[in-house]
Amino acid sequence: MEETAKWLEIMVKGLVSYPDEVTVASKKDDMGVLFTVHVNKSDAGKVLGKEGRTAKAIRTLLYTKGYAHDMRASLKFDVPDLRIDPVE
């Protein structure tokens, strides 16, 4: 689990402008492991990507890595003060 968190942190740090502010927390429960990635507010677009494509790609890689280690992994991005306005 710690190896996967470190791998995830290195991957996300390669995408952002403020790599020193990237942290990855993991929490294990009955459902599997939840990885929470914290990034700077200005890096939200880089991590999430257009229409969420980058986030989806990162999740896919994480699920695959988790499957290889017999671990059900899920991912949550935590961006401080991020407000997404609903589309009307």
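Which residue in strand 2 is the bridge partner of K28? The points below take up this matter together with the wider fold.

1. The model under discussion is predicted. The protein contains three helices and three strands, and its elements follow one another from the N terminus in the order α-β-β-α-α-β. The radius of gyration is 13 Å, close to the 12 Å that the globule rule gives for 88 residues, so the protein is as compact as a globular protein of that length. Taken along the principal axes, the box filled by the C-alpha atoms is roughly 40 × 30 × 20 Å.

2. The three strands make up an open sheet with the order 1-2-3 and mixed pairing. Strand 1 (23–29) and strand 3 (73–78) are the edge strands, each of which pairs on one side only. Averaged over the sheet and with direction ignored, neighbouring strands are turned by 20 degrees against each other.

3. Strands 1 and 2. The pairing of strand 1 with strand 2 (residues 32–38) is antiparallel and extends over seven bridges. As for the opening question, K28 has V33 in strand 2 as its bridge partner. In general, the strands of a sheet pair through backbone hydrogen bonds, in either a parallel or an antiparallel manner.

4. Helix 1 on the sheet. Helix 1 packs on the sheet and touches strand 1, strand 2 and strand 3. The direction of helix 1 makes about 30 degrees with that of strand 2.

5. Helix 3 on the sheet. Helix 3 lies across strand 2 and strand 3.

6. Geometry of the helix pair. A pair of packed helices is described by the angle between the axes and by the distance between them. For helix 1 (residues 2–13) and helix 3 (residues 53–68), the packing angle is about 160 degrees and the axes are 11 Å apart. That makes helix 1 roughly antiparallel to helix 3, since angles over 145 degrees are counted in this way. The crossing of helix 1 and helix 3 is right-handed.

Key:
Residues are numbered from 1 along each chain as its sequence is written. This is a predicted model: local features need pLDDT of at least 70, side-chain atom pairs count only at pLDDT 80 or more; totals for chains, interfaces and linings use all residues. Side-chain values use heavy atoms; hydrogens and water are left out. Axes are lines fitted to C-alpha atoms, for helices over the stretch in contact, and angles run from 0 to 180 degrees between N-to-C directions. Helices (H or I, at least four residues) and strands (E, at least two) are DSSP runs, numbered from the N terminus. Angles under 35 degrees count as roughly parallel, over 145 as roughly antiparallel, 65 to 115 as roughly perpendicular and the rest as oblique. A crossing is left-handed if the near helix is turned anticlockwise from the far one by less than a right angle, and right-handed if clockwise. Two strands pair if DSSP finds at least two bridges between them. Contact means heavy atoms within 4.5 Å. The radius of gyration is taken over C-alpha atoms; the globule rule is 2.2 Å times the number of residues to the power 0.38.
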